[in-house]
2 protein chains.
Amino acid sequence: MDGVLADVYSRFFELQEQQSGIRLTVMDVAGKLEAEAFPNEVKWITTHGFFRTVPVIKGSIEGLRKLNENFEVIVVSLATEFPQSLTDKQLWVYDHFPFIRWQQMVFCGNKNLLQADIMIDDHLKNLDNFKGETIMYSQPHNLNINHARHKRVHSWAEIEKLLLPKYRPGQVRRS
Amino acid sequence: MDGVLADVYSRFFELQEQQSGIRLTVMDVAGKLEAEAFPNEVKWITTHGFFRTVPVIKGSIEGLRKLNENFEVIVVSLATEFPQSLTDKQLWVYDHFPFIRWQQMVFCGNKNLLQADIMIDDHLKNLDNFKGETIMYSQPHNLNINHARHKRVHSWAEIEKLLLPKYRPGQVRRS
């Protein structure tokens, strides 16, 4: 969810600027984990209602809609570290991706418990232990990582180009 | 969670009595789904704070503590049908089972997405499609079901007796 559907960085840049007067750029935070780049991150994300204010990543609504028509899509969020975020996070998915049903959502503390064929994620901690095909969505914190196995994409247009041709009628795959 | 750790029926009996003046018994609701047995069930469970008021199933705290010392335990709740319940449900787990860490929790819309070796559950819809060992925890709604594959247990003492001898040092199993 965060870093693939939810554009948390846009929101973090806004909040950082509001609080410090300084607008950071992607290059300022490249290669740093969110909490390192934004010292107030945990305070922000644990504020009631925070996740409802996060914008969507460009192209993700149309892209996920297309994937959802051709694959068995599950939206997964590593979310239980912050219990107060759970309801907000699910309502955010409903806000922007109303075609994703409640049966397709998972809020958990470990993504490696899930079985699936394809994972799109921005964090190595999730991708590295996944047994299927892995796609790394570019986000500032992972820009310095070069990983042979995880195919890097920079946009939802790239995801569409990569995955939609794989679909053949009658072969529904779980992603 | 519900029907294995959370004693939702005790709470439903209480609320039903408060609202109708009639105290139902297990036999009155045996074999009926919760929503059929308690017409106000959805109204109750979608009330903010409901899940924090549910008592624990007898023996579950001590039983889960023992399993947690010997197995890789994951607490899973089919919860996304009711987004407002998610935060309450996780806080409830912390209230009663503080030894379960956030990394061990899953709130989802389909338990069949998870990979594990053993499932303890009260619902056939979860047990039937699970590939590992299945244990059916007796609850009023499932009392009429006789299923050759799912081992029925009536108490946490039975779960302990069934599972703890399976543990041999060095063999951590996920349940």
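Start with the crossing in chain B: helices H5(B) and H8(B) cross in a left-handed way. Keep in mind that this is a predicted model.

To find the pair, select residues 60-70 of chain B for H5 and residues 156-163 of chain B for H8. Their axes lie 9 Å apart, and the packing angle is about 15 degrees. Since angles under 35 degrees count as roughly parallel, that makes H5(B) roughly parallel to H8(B).

Now show the side chains where the two helices touch. On H5(B), pick B:Ser60, B:Glu62, B:Gly63, B:Leu64, B:Lys66 and B:Leu67. Facing them from H8(B) are B:Trp156, B:Ile159, B:Glu160 and B:Leu163. What classes of residue make up the contact of H5(B) with H8(B)? Colour by class and you'll find five nonpolar, two polar and three charged residues.

Next stop, the sheet. Select strands E4, E5 and E6 of chain B: these three form an open sheet in the order E4-E5-E6, with parallel pairing. Which strands stand at the edges? They are E4 (118-121) and E6 (151-153) of chain B. Each has a single partner strand, so one side of each is left without a neighbour in the sheet.

Finally, zoom in on E5 (residues 133-137) of chain B. Three bridges join E5 to E6(B), and the two run parallel.

Note on methods. Residues numbered from 1 in each chain as written. Chains lettered and ligands numbered in written order. Predicted model: local features only at pLDDT ≥ 70, side-chain atom pairs only at ≥ 80, totals over all residues. Heavy atoms only, no water. Axes fitted to C-alpha atoms, helices over the stretch in contact; angles between N-to-C directions. Helix = DSSP H or I, 4+ residues; strand = E, 2+ residues; numbered from the N terminus. Parallel < 35°, antiparallel > 145°, perpendicular 65-115°, else oblique. Left-handed = near helix turned anticlockwise from the far one by under 90°. Contact = heavy atoms within 4.5 Å. Nonpolar A, V, L, I, M, F, W, Y, C, P; charged D, E, K, R; others polar. Pairing = 2+ DSSP bridges.
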